Amino acid sequence: MTKFTIPRITFWRCVTVLLAVLVAGIVVRRFSFGLGSISNLHDGMPWGLWIGFDLLCGVALAAGGFTITAIVFVFHLEKYKVLVRPTILTAFLGYLIVIGALLVDLGRPWNIWHPMIFWNPHSVMFEVGWCVMLYTTVLFLEFLPFVLERFGIHRPLRLWHRYLTPVLVLAGVLLSTMHQSSLGTLYVIAPQKLHALWSTQALPILFFVSAIPLGLAMVSVESYLSLRAFGKRLHPEILRDVGKATAVMLLFYLTIRIEDIIVRGEFGNIFAFDAASWFFLGEFVIGGLVPMFLLFRRDIRENPLALMGTQALVVLGMIFNRMNVAVTAFQLGTGADYIPSWMEFVLSIGMVAIGMILFSYCVRNLPVFEEGPVEDPRPADPIAEMTR
Amino acid sequence: MSIYGLLFDQTMCIGCGACEQACQAEHDQEPHKVTRLDDNSYNWVQDLGDDVYSRHFCMSCEDPTCVSVCPVAAFTKTELGPVIWDESKCMGCRYCMLACPFEIPKFEWYSVNPRIEKCDMCIHRLSERLPTACASICPTGATTFGLREDLLREAHRRLDEDPERYTGRIYGEYEAGGTAVLMLLSRDPAASGLPANVPQESLPYLTWNILEKLPQVIPVWGVFLGGMYWLTDRKNAVADIEGYKREHDDD
Ligand code: SF4
Ligand code: SF4
């Protein structure tokens, strides 16, 4: 028997409840008065924070899912196996959040399934829609064994792992590479509406390539957060190698990024020191070059705290990049004015919060980490724990 | 290719606004003053000062971006010329608004079941062989309706006859790959409040260029991944034979 206890009132519980009430209120408002009543979107700015953050960043941050499964199952670098389950869970939840955000952002969400019956293969959005549907299904199937295991259903699991897992992994990597890049392709059709520093035919390639270091960085940051929250021991040797890989993939991405700008003859724009150039430098130097150089240094990689800080910078840099494409570049290109309303922010934060709550629920109840469900959260001293 | 089109000659427009009113009546909208295109205004006569005016409405592109981007094929380019939207398919993603080079589709921001609203070039009239409402009411002939071919020829004739009068080109001849609507302007597009940086080629090609490669890219990428899977797995097997402990992955 479980004892009934009144939940303790803590600061974070209050925040969560408040957030939940606000989100519910905003959703009700949306479905009573329309999108205009909760957002600052308008005809000149049809996509804003939700597409930029919830969709583009949400999908990008789920990139750990395909990066790690590819490394472990496709390239058989099995020492990274401990990272697989948490990243699959994150990716799965990430995609659920993306769908949740879409349901709010779409004008007619009850038609969200229409791409299944009304086909338009010429539309990038059509591809995006299919990728979301299929990849979420794949992630669900990758996630399902956690649940089966939890309930002790082992026999089908063995067959599952032998025959289905390889197929799922290959399909998942394929689909998510397509999805990452197609989000970049979305903007290729409006080259004249984006500022020159971001407006390029290479967006799909850039979105895909940048998803790899981002995925790796996300995995590292998640490991750190899991340590903070659930006392999961980090695997310093593994995260060190992940750091190395992040550095190389970042170098790869930044090279393509800058080459693309040079080839298009827009290099001068970088040093115009107007709004666009500052936003670009923020994304490229602070969120790209700086963490790359740091990650190439051994002393940084060997210091867990510095390593995590640097990886977090990579994540921020990529979020900055996606937001720049979706919001900054579009505004600079069209002159549309837009600052997200507080309700847009609350909804986005709410989505992230829902994801974190679900993550922590799964971690406690399902064998996400090697040792099975986590019993006792929170180590006494996370920093000491990390360097143990 | 559009059969019909519209020709707007800025030098002949007197800004009377009759076309605005006719458009509103034709589409069962409350008569109202228009200050910009929105979900309730498909046609706007903009006062540019000095008795010069410009008109804003859907250009009815020959290869419409909106048709290409809509994930559920809610937009159709009709043979007659108009580009129309199908309420029963749309899911409200607003990609058409983001992509349209002329910023024409508008959204009902304050509706629970929002529609995409834009000029439909009076498709219902065209299919009865009637000109659009705006063209049939225009008192000066600034807006004329006809076969696109004829209109284009007429526009070139006017341009050749009196080059000084116009900006030297026909807005819509090449914009976004050509549009059913043609405009003879005495002021630059930018000065006329029209998008000035519209690419001079059809836009759907930009993304189709990428999408059409997918059927080739996917198999190659799939084979690469599958190959890597097999290759690296075999390496493990070899290592196994050489006496390394192999961790079984059946957990
Ligand atoms: S002007 Fe815009 S809405 Fe009209 S047909 Fe062209 S792309 Fe479509
Ligand atoms: S808003 Fe509707 S019409 Fe426009 S692209 Fe999306 S689904 Fe198509």
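1. Interface of chain A and chain B. About 5400 Å² is buried between the two chains, and carbon and sulfur atoms give 60% of that area. Buried area here is the accessible area (1.4 Å probe) that two parts lose on being put together, summed over both. Contact involves 62 residues of chain A and 63 residues of chain B, with contact meaning heavy atoms within 4.5 Å. On the chain A side, Asp43(A), Arg108(A) and Ile189(A) lose the most area to chain B, together 16% of what that side buries.

2. Basis. This is a predicted model: local features need pLDDT of at least 70, side-chain atom pairs count only at pLDDT 80 or more, and totals for chains, interfaces and linings use all residues. Residues are numbered from 1 along each chain as its sequence is written, chains are lettered from A and ligands numbered from 1 in the order in which they are written, and side-chain values use heavy atoms, leaving out hydrogens and water.

3. Ligand 1. It is surrounded by 14 residues, counted as near if a heavy atom lies within 4 Å. Cys58(B), Cys61(B), Cys66(B), Cys100(B) and Phe102(B) are the closest. The shell has eleven nonpolar, two polar and one charged residues. Ala, Val, Leu, Ile, Met, Phe, Trp, Tyr, Cys and Pro count as nonpolar, Asp, Glu, Lys and Arg as charged, and the others, Gly among them, as polar.

4. Strand 2 (residues 44-47) and strand 3 (residues 53-56) of chain B pair antiparallel over four bridges. Strands are DSSP runs of E (at least two residues), and helices are runs of H or I (at least four), numbered from the N terminus. Two strands pair if DSSP finds at least two bridges between them. Val45(B) faces Arg55(B) of strand 3. Five residues lie between the strands, and Gly49(B) takes a positive phi near 85 degrees.

5. Sheet in chain B. Four strands form an open sheet in the order 8-1-10-9, with mixed pairing. Strand 8 (143-147) and strand 9 (170-171) of chain B are at the edges with a single partner strand each, so one side of each has no neighbour in the sheet. Strand 9 and strand 10 (residues 181-184) of chain B run antiparallel, joined by two bridges. Tyr171(B) has Met183(B) as its bridge partner in strand 10.
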